[in-house]
Amino acid sequence: MLNRINHIKEKYYNSVIARFLGSDSVLQNPYSTQPACRNASTGRNYNRYSYVLPVPLIKAQSGNNPLKYNDPSEYQFERLKDRFETEVFDERENNGSLWAKYQGKDLRGDRSNSHWADYSDWSQVKYPGEYDYEQEQAINLALSNIAFLAEMAFYTMNQQELHYYGPYNPRPDGNPAANNGGNKKKPLLEFVGFHRGIPEFESRLMPGSYSPGYSGVTPGPFIIYSSGDSDNPNLNRHEPGHVVQFLLLGGYSLYIPLVAIPSLITAGKPYHNDMPWETSANWLWETLTGEKVPINK
Amino acid sequence: MKNLLYIIVVAFLGACDKADVQLIILNKTNQEVFYIISRDSSINTETEAFKLNPSPDTNRIGILGGDGAWEYYINKSKDSTAYIYIFNNKYIDKTTLEKNRFDRIGVTVNMLDEKNWIIMYPEDFK
C-alpha cells in the first residue's frame, strides 16, 4: 500500500484509492461564484483535495480537468494553453528547439515563416473541450446572412417593394392608411378563414400587398388574396366563382386549360374582366349566393 | 420531382386576377359617405353602395383587369362616360340604398386624365 503513494511536490497522492492525501495550501479560485460541475455545489471551490481546479472558471468549461489545466508547482493551477505559449515563446527567444519540436521542423530565427504567422494569434487556438464562441458567432452570422439573402431573392423574384412602411419610414404619399393599413411586415401565407365554406388565404407575395392595388388567385378549391384584401368585395365575390368553376369542371384536368391558363394570360389586360371565364365566375357566384361584384357590366 | 412539378402547376396556374386602382375618390367631408360607380346614368334602389372614408384616406377604387382596365370600362359604355354616385349616410341604411337622393358626376377618360384620376367630393360634384 505504501509504495502506491506518490509524492508530487506539495502533497502525496494514493493511486489505489485515487485520492490526495494532503490538502492544497492554496485555494485555487476562492472568489468564483460559478456553480460547480454537474451534481456539485458551489462550495467545491473550497475543496482542497481536488486536482487543479474544483469548479470551472466559466460556465461552459468543466472543472477538475487535468486535460485543460496543469499544476506543475502544486501551489497554483495554470492553463495548459498559457504554459504552452510561454514555453514556446521562451524557447524561441532563447534560440531553443521546443518550437521546432512542436512544428516538426526547425524554424529557429525565422519569424517570417508562414506557420508562425498562422499561429501567431494564440487566442484563435482551440483546445479540446473549449467552448468556441467565435465559431458560434460566425455560424449565427452566416445563418442570418443566408436568411436575409434568401428573403431578398424572394422579394426580387416577386418584384415586391422592399420597404416596410411604418412610423419611422412613412409612405411616400404620407398616407399610411392607403395601403390597407399595411405598416408592418405581412405573413408569407396566412389562413384568414372561410368565405361560405371556401378556404381563404392572404400572402404578401401577391401583387398589391405592399403597393397600391390588390389581386387574387384561385389555384384550386381555395383562394389566395394579396395581404389585407380578403374582405375586398371586388375579389371575394369573384374568386369564389372560380372555385365553383373548378368544382363544376371536375378538378384540374379541365380547370387548368379552360380557366386557369386563359385567366393567367389575360390577367394583365384591360379587357380581362369581360372574358367569358371571368364573367362566368361572376355569374356563377351571384346566382348561387346573391353576392354581386361591385363594378361589373 | 413529380410533387414539385405538381406544386408549381397548382401555384402558378390558377385563375389570376389583378386590379387597376388608378381611380381615386377623395372624401373631403368629415364623415364617411357611400358610392356607386356605374355605366348607367340612372340606378335603382337595390344597387349596393360602398363606403368612402373621409380624407386623408386615399380611397383607391379598383376594377379587375390589368393597367388600363378603367379606360376600357369607361370607353365601353354607351356615351363613353362612367357615373359616380355619392350618398351621404343620412340617405342610406348601411350599404343598402333607400332613397333616391344622391350627388352624381359623369366622368370620361379625358376628364379623368386632366384631373390625374383624382375626383374630390363634394368639389367636383357641383
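In chain A, the residues A:H242, A:Q245 and A:F246 of helix α6(A) meet A:Y252, A:Y255 and A:V259 of helix α7(A), where contact means heavy atoms within 4.5 Å. By class, this contact of α6(A) with α7(A) comprises 4 nonpolar, 2 polar and no charged residues; here Ala, Val, Leu, Ile, Met, Phe, Trp, Tyr, Cys and Pro count as nonpolar, Asp, Glu, Lys and Arg as charged, and the others, Gly among them, as polar.

This is a predicted model, in which local features need pLDDT of at least 70 and side-chain atom pairs count only at pLDDT 80 or more, while totals for chains, interfaces and linings use all residues. Residues are numbered from 1 along each chain as its sequence is written, chains are lettered from A and ligands numbered from 1 in the order in which they are written, and side-chain values use heavy atoms, with hydrogens and water left out.

The two helix pairs are set out below; helices (H or I, at least four residues) and strands (E, at least two) are DSSP runs numbered from the N terminus, and axes are lines fitted to C-alpha atoms, for helices over the stretch in contact, with angles from 0 to 180 degrees between N-to-C directions.

| Helix pair | Axis separation | Angle |
|---|---|---|
| α6(A) (residues 239-248) and α7(A) (residues 252-266) | within 8 Å | roughly 130° |
| α6(A) and α8(A) (residues 276-289) | 7 Å | about 95° |

Angles under 35 degrees count as roughly parallel, over 145 as roughly antiparallel, 65 to 115 as roughly perpendicular and the rest as oblique. Helices α6(A) and α7(A) are therefore oblique to each other, whereas α6(A) and α8(A) are therefore roughly perpendicular. On the α6(A) side, the contact with α8(A) includes A:P240, A:V244 and A:L248, and on the α8(A) side its residues include A:W277, A:L284 and A:W285. The residues of this contact divide into 8 nonpolar, 4 polar and 1 charged.

Between the chains, the contact takes 41 residues from chain A and 32 residues from chain B. Together they bury about 2,900 Å², 60% of it on carbon and sulfur atoms, buried area being the accessible area (1.4 Å probe) that two parts lose on being put together, summed over both. Of the area that chain A buries against chain B, A:Y214, A:P270 and A:I295 supply 21%, more than any other three residues.

Two backbone features deserve a check. Most residues other than glycine have a negative phi, and most peptide bonds are trans. A:R196, not a glycine, has a positive phi of about 55°, and lies in the loop between β6 (190-195) and β7 (198-203) of chain A. A cis peptide bond, with omega about 10°, joins B:Y121 and B:P122, and B:P122 is found in the segment after β9 (118-121) of chain B.

Confidence is given by pLDDT, the predictor's value for each residue from 0 to 100. Chain A has a mean pLDDT of 66, with 46% of its residues reaching 70 or more, while chain B averages 79, with 77% scoring at least 70. Within chain A, confidence is lowest in helix α3 (residues 114-118), at a mean of 42, and highest in α6(A), at 91. Residues 87-125 of chain A have pLDDT below 50, although this stretch has 38 contacts in the model beyond near neighbours in sequence. Where pLDDT is low, the predicted coordinates should not be read in detail.
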